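I opened this model to look up its charged pairs and its nonpolar core, and I kept these entries as I went.

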Amino acid sequence: MSHQDQIRNFEYRPYRMRTGFAVQFFVGAVTLHGLCRDVSDAGIRAEFDGTLIIGDIGMLFLLHPAGQLNLKAKASYIKN
């Protein structure tokens with residue numbers, strides 16, 4: 001094995017800020033309630049009480065004690 005084969009590739013990952021506030025995701029006629037776990041420039045990570053499918057698009061309501069933010073959102077990753 002050469003020295004070149006031993007070099008590891010590192011992938012840049014954006015900084016994620018831990019959070020813990022309520023969110024709601026409205027997809028069609030379905031409302032999913034959840035908890036936002038962290039946010040970054042790449043997106044948010046949230047846990048929901050229902051099932052999402054990659055590609056689902058809807059309105060995401062971030063319900064922080066300091067105020068509410070409404071965003072158009074798309075589910076791009078799902079961890080089972």
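I call a residue buried under 20% relative accessible area, exposed over 50% and partly exposed in between, using a 1.4 Å probe and protein chains only. The model is predicted, so I noted that local features need pLDDT of at least 70 and side-chain atom pairs pLDDT 80 or more, while totals for chains, interfaces and linings use all residues. Residues are numbered from 1 along each chain as its sequence is written, and side-chain values use heavy atoms, without hydrogens or water.

Entry on charges. I took a salt bridge as a side-chain nitrogen of Lys or Arg within 4 Å of a carboxyl oxygen of Asp or Glu, and the count came to three. Asp 38, buried at 7% relative accessibility, pairs with Arg 16 at 2.6 Å, N to O. Arg 45 also forms a salt bridge with Asp 38, with the closest N and O atoms 3.0 Å apart, and shared partners join Arg 16, Asp 38 and Arg 45 into one network. I then found Glu 47 bridged to Arg 37 at 3.3 Å between the closest N and O atoms; Glu 47 is partly exposed at 42%, and Arg 37 is partly exposed at 31%.

Entry on the core. I defined a nonpolar core as buried Ala, Val, Leu, Ile, Met, Phe, Trp, Tyr and Cys residues joined through side-chain atoms within 4.5 Å. The largest one has eleven residues, including Phe 21, Val 23 and Leu 62.
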